[in-house]
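Here are some exercises to work through with the model open in your viewer. Try each one yourself before reading on to the solution.

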Amino acid sequence: MNQGIRFSLDSLTVRGQRLFGWGFCLDPSGPLDACELRLRLADGREQIVPCFTSGMRDDLIQAYPDIAHAGAAGFMVQALLPSRLAQGTPAQFVGWRAGVEACRITLGDFPEAYAPPELLPLGHGGRRLLKVIRQRGVAAAARSLLRGIRDRLRFDRVAESLIHQAAGRPLVVVIDHAMGGGANRYRRELLDRLAGEGKELVLVTPRIETLSYRAESITGGERPMQAGFASQDELLAELARLDIVALHVNDLVGFDDPPKVLDWALDWRRRGAGRRLSFHVHDFHAVCPAFTLIGADGHYCGVPDLAVCRACLPANARHTLGLHTDMPLPEWRRAWSRFLAGCDEVVAFSEASVAIFERAFGPLDRQRLVLRPHRVERSHLRAVEPVLDSPLVVAAVGHLSHAKGAGVLLAMADLARRESLPVRFVVIGTLEGVRGGHSHLQVLGAYAPERLCDLLEELHAGIAFVPSICPETYSYVADELMATGLPLAVFDVGAPAERVRAYPRGRVIADAEPRAALDALLAFATDLRRDQARGSHPEPHP
């Protein structure tokens, strides 16, 4: 069954009942539809943990250039287990294709053989090296050893408590995830602004690859000091000793226990006069652990009755990153409702996101609500003239996950190929789930932002497309595309639709079903060509 399969579980961290890891499984005979880890818990039960796609893997494309679907073979695994993992008991990796088991791989020395090297006691280094050689070869063992030495030396240098770095200084603390995207882009802007005001800053983020936490002191003109914490409780205990005057909760996705962080923040706010607590609405984590509001059925849920949520959440590990699916949603929302009521300001970036919050929590206090659209840096952008020739080139930009429309865009490209339609989709960025060559779809990979307009022109793009099926709270990409003046199509959900309705060259597509969406996109192109023939050119967005 496993003949010819290339497999590696590159790293696996286990802390308490939480685990996180990544690797790849490449079957030359065809891509897998799903995969899972089967683990043995300390109480004797078997636990099945689903693995998630991890985006395009350029390293696999380079390593296996003769296998068209190699880039999509990567996976990520994350879970909050119902009890601790049994130690020294083999696990199994199982892959599926079309509902039939395609591979089963036994993982010996589990989980020790897969631990990140910086988490192992120094005395275990030799044994670790031998295990990695046996499991993954000499080259992987050498990389693992060097990474472990580097990380351990780095943390030895910052072993001094953050307290000693920041003692006696009034601090502003920003709490955020570390997964990239718009929230982290905004956080960088927020830190720059606060630093420009002379504030002493501490940035707190989860370090997801080791299930630990990092606090980074950012002081004027000084080299940042980092401190690592093995648990959320250790982190909060250390923060409680600092002189914090303002706290910004930017995002809590990836934290072990978000409600505990919220209660800690409220307690901090109550214990001191003049303290200021702010929350920034970058997603809908407050509404549901499935922070994009994509349900177990793969579609935007619309924030339904809680009875529907009770059935959905336990089955929705894919869209919660494997976390908090067992938490009763009423309890989750009560914790966030208390927190929102205790904030001095709630910063939102669109009316659309406010409407979703009010659907979940009821009316927000408008005295404390700040509606502040993002400011998009446009110095690298310029006008791009659309090319509406046949075949039409439809350009999407960024990393397209399922929530960002990967599935619907792939399905639209498949329809166009089957029907030989004169349209071609190009992703300037990466696309989850793409599996090799496609006559009507091209994926360029990561790009430099300053090259965006050049790429759009080189591709002869006619229409830009933001295919998100989740209600984004803003979308920097939509703003950037409107700044080029290209016609832009979006689905009727979230902040992009709110803004594109006011864009002269915009089209809001009502139905995200692939057939209807493709028809609507082609109709948009027909209308644009008709306007072009008549000499009618709507002015681009200012």
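**Exercise 1.** Is phenylalanine 7 buried or partly exposed? Then work out how its ring pairs up.

Keep in mind that this is a predicted model. Start with accessibility: phenylalanine 7 has a relative accessible area of 22%. Buried would need a value under 20%, so phenylalanine 7 counts as partly exposed.

Next, look for a ring partner. Phenylalanine 7 forms an aromatic pair with phenylalanine 93, with 4.8 Å centre to centre and 50 degrees between the planes, which makes the pair tilted. The two residues sit 86 residues apart, phenylalanine 7 in strand β1 (residues 6–15) and phenylalanine 93 in strand β6 (residues 91–97). Phenylalanine 93 is buried, at 0% relative accessibility.

Now widen the view: ring pairs join Phe7, Phe75 and Phe93 into a cluster.

**Exercise 2.** Explain why the pair of phenylalanine 24 and tyrosine 64 gets the label it does.

Take the geometry first: the ring centres are 6.4 Å apart and the planes meet at 55 degrees. Planes over 60 degrees apart would count as edge-to-face, and under 30 as stacked.

Then place the partners. Phenylalanine 24 belongs to strand β2 (residues 18–26), while tyrosine 64 is in the loop between α1 (58–63) and β5 (74–80), 40 residues apart. Phenylalanine 24 is buried at 10% relative accessibility, and tyrosine 64 is buried at 19%.

**Exercise 3.** How many disulfides does a search of the whole structure find? Check two cysteines by hand.

The search finds zero. On accessibility, cysteine 25 is buried at 6%, whereas cysteine 312 is partly exposed at 24%.

**Exercise 4.** In what order do the strands of the eight-stranded open sheet run, and which helices pack on it?

Trace the strands: the order is β11-β10-β9-β8-β12-β13-β14-β15, with mixed pairing. The edges are β11 (225–229) and β15, each pairing on one side only. Neighbouring strands are turned by 20 degrees against each other on average, direction ignored.

Zoom in on one pairing: β9 (residues 200–207) and β10 (residues 212–218) run antiparallel and are joined by seven bridges. Proline 206 has tyrosine 213 of β10 as its bridge partner.

Helix α9 (residues 329–342) lies across β12 (244–249), β13 (276–280) and β14 (345–348), at about 125 degrees to β13. Helix α10 (residues 351–361) touches β13, β14 and β15, and makes about 150 degrees with β15.

**Exercise 5.** Which members of the largest nonpolar core touch the most other members?

The core has 53 residues, and the answer is Leu247, Leu277, Phe279, Trp336, Phe339 and Phe357. Look at one of them in detail: leaving out residues up to four places away in sequence, phenylalanine 279 touches residues including Val249, Trp336, Phe339, Val347 and Phe357. Apart from this core lies another of 36 residues, among them Leu410, Ala413, Phe465 and Phe524.

How values were computed:
Residues are numbered from 1 along each chain as its sequence is written. This is a predicted model: local features need pLDDT of at least 70, side-chain atom pairs count only at pLDDT 80 or more; totals for chains, interfaces and linings use all residues. Side-chain values use heavy atoms; hydrogens and water are left out. A disulfide is a pair of cysteine sulfur atoms within 2.5 Å. Buried means under 20% relative accessible area, exposed over 50%, partly exposed in between (1.4 Å probe, protein chains only). A nonpolar core is a set of buried Ala, Val, Leu, Ile, Met, Phe, Trp, Tyr and Cys residues joined through side-chain atoms within 4.5 Å. Contact means heavy atoms within 4.5 Å. Two strands pair if DSSP finds at least two bridges between them. Helices (H or I, at least four residues) and strands (E, at least two) are DSSP runs, numbered from the N terminus. Axes are lines fitted to C-alpha atoms, for helices over the stretch in contact, and angles run from 0 to 180 degrees between N-to-C directions. Rings of Phe, Tyr and Trp (its six-membered ring) pair if their centres lie within 6.5 Å; planes under 30 degrees apart count as stacked, over 60 as edge-to-face and the rest as tilted.
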